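Student: I'd like a close look at one part of this model, namely the place where its elements pack together. Could you walk me through that contact slowly?

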Amino acid sequence: MAKEKHEIYDEQDKRLGRLILKILGIVAIVSGLVGPFIYLLNANWGRELGTLAVICGGVAICLGPKGRTAGASG
């Protein structure tokens, strides 16, 4: 007996998720590139941008289509 695959998300949800992941990736890249220069002006803001880059980049990598949780099933 073949196991049926049940889709719990519709296409609109998938598009929204992809858009959010793209935005997170762009935020991570921009804050990673701009962060060191901001750090020279204000150390606290530079550290905050570095933290933002790490968090957004990690989320984009882990939850992306080729990440650790891609297609994971319970």
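Tutor: Happy to. Keep in mind that this is a predicted model. The protein chain has 2 helices and 0 strands, and the part you are asking about is where helix 1 meets helix 2. Helix 1 covers residues 11-41 and helix 2 covers residues 43-63.

Let's begin with the geometry. The two axes come within 7 Å and cross at roughly 155°. Angles over 145 degrees count as roughly antiparallel, so helix 1 and helix 2 are roughly antiparallel to each other. The crossing in which helix 1 passes helix 2 is left-handed. By class, their contact has 16 nonpolar, 6 polar and 1 charged residues.

Now for the residues themselves. From helix 1, the contact includes Leu 21, Leu 24, Val 27 and Ile 38, along with Gly 25, Gly 32 and Gly 35. From helix 2, Trp 45, Arg 47, Leu 49, Leu 52, Cys 56 and Leu 63 are among those taking part.

Cys 62, by comparison, is partly exposed at 34%. A disulfide is a covalent bond between the sulfur atoms of two cysteines. A search of the whole structure finds 0 disulfides.

Across from there, Ile 26 lies in helix 1. Ile 26 and Cys 56 are 30 residues apart in sequence, and their C-alpha atoms are 8.8 Å apart in space.

Finally, stepping back to the whole chain, buried residues make up 14% of its 74 residues. Among contacts in the chain with a separation of 6 or more, 41% come from residues 24 or more positions apart.

Key. Residues are numbered from 1 along each chain as its sequence is written. This is a predicted model: local features need pLDDT of at least 70, side-chain atom pairs count only at pLDDT 80 or more; totals for chains, interfaces and linings use all residues. Side-chain values use heavy atoms; hydrogens and water are left out. Axes are lines fitted to C-alpha atoms, for helices over the stretch in contact, and angles run from 0 to 180 degrees between N-to-C directions. Helices (H or I, at least four residues) and strands (E, at least two) are DSSP runs, numbered from the N terminus. Angles under 35 degrees count as roughly parallel, over 145 as roughly antiparallel, 65 to 115 as roughly perpendicular and the rest as oblique. A crossing is left-handed if the near helix is turned anticlockwise from the far one by less than a right angle, and right-handed if clockwise. Contact means heavy atoms within 4.5 Å. Ala, Val, Leu, Ile, Met, Phe, Trp, Tyr, Cys and Pro count as nonpolar, Asp, Glu, Lys and Arg as charged, and the others, Gly among them, as polar. A disulfide is a pair of cysteine sulfur atoms within 2.5 Å. Buried means under 20% relative accessible area, exposed over 50%, partly exposed in between (1.4 Å probe, protein chains only).
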